[in-house]
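This report describes charged pairs and a surface patch in one protein. Look at the sequence and the structure below before reading on.

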Amino acid sequence: MKYTKLGNSDLNVSRICMGCMGFGDPNNGMHTWTLNEEESRKIIKTGIDNGINFFDTAIGYQNGTSEQYVGRAIKDFADREDIVIATKFLPRTEDEIKKQCFRTGPYQENG
């Protein structure tokens with residue numbers, strides 16, 4: 001795998017970024033063609049095993065299940081400090097953002 005700096009940062013990212021729009025619960029979102037978690041994990045692991053360390057996802061992909069699948073796979077297959085995740089979020093008020101940041105969720109130990 002070839003790597004490059006991400007913009008002006010010190011982050012080294014794979015020249016191939018894995019787009020994750022196709023990952024997510026096919027029954028929970030606007031697309032029925034997305035891959036379930038088991039199939040998504042296989043692809044993510046293959047990418048990591050081949051040097052991909054740059055992933056692009058979004059809260060809007062299948063109502064957040066893409067981010068959940070990516071997060072759990074990275075936790076299981078890689079060292080988090082070696083991975084760069086680009087994501088997007090829906091516009092929210094400051095109060096909504098604070099509420100979401102401190103809720104029990106899929107990335108917390110008790111979520």
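How exposed is Met1? Met1 is partly exposed, with a relative accessible area of 42%; buried means under 20%, exposed over 50%, and partly exposed in between (1.4 Å probe, protein chains only). The model is predicted, so local features need pLDDT of at least 70 and side-chain atom pairs count only at pLDDT 80 or more, while totals for chains, interfaces and linings use all residues. Residues are numbered from 1 along each chain as its sequence is written, and side-chain values use heavy atoms, with hydrogens and water left out.

Met1 lies in the segment before β1 (3-5). Together, Met1, Tyr3 and Ile16 make a nonpolar surface patch of about 300 Å².

The whole structure holds five salt bridges, each defined as a side-chain nitrogen of Lys or Arg within 4 Å of a carboxyl oxygen of Asp or Glu. Among them are these:

| Salt bridge | Closest N and O atoms |
|---|---|
| Glu37 and Arg72 | 2.8 Å |
| Lys45 and Asp49 | 2.8 Å |

Glu37 lies in helix α1 (residues 37-49) and Arg72 in helix α2 (residues 65-77), so this pair ties together parts that are 35 residues apart in sequence. Glu37 is partly exposed at 21% relative accessibility, and Arg72 is partly exposed at 28%.

Lys45 and Asp49 both lie in helix α1, four residues apart, about one turn of the helix. Lys45 is partly exposed at 34%, whereas Asp49 is exposed at 53%.

Helices (H or I, at least four residues) and strands (E, at least two) are DSSP runs, numbered from the N terminus.

How values were computed: Patches are made of residues with over 30% relative accessible area and no salt bridge: like charges are joined within 9 Å, nonpolar side chains (Val, Leu, Ile, Met, Phe, Trp, Tyr) within 5 Å. Accessible areas come from the Shrake-Rupley method with a 1.4 Å probe; for residues, only the protein chains shown count as cover.
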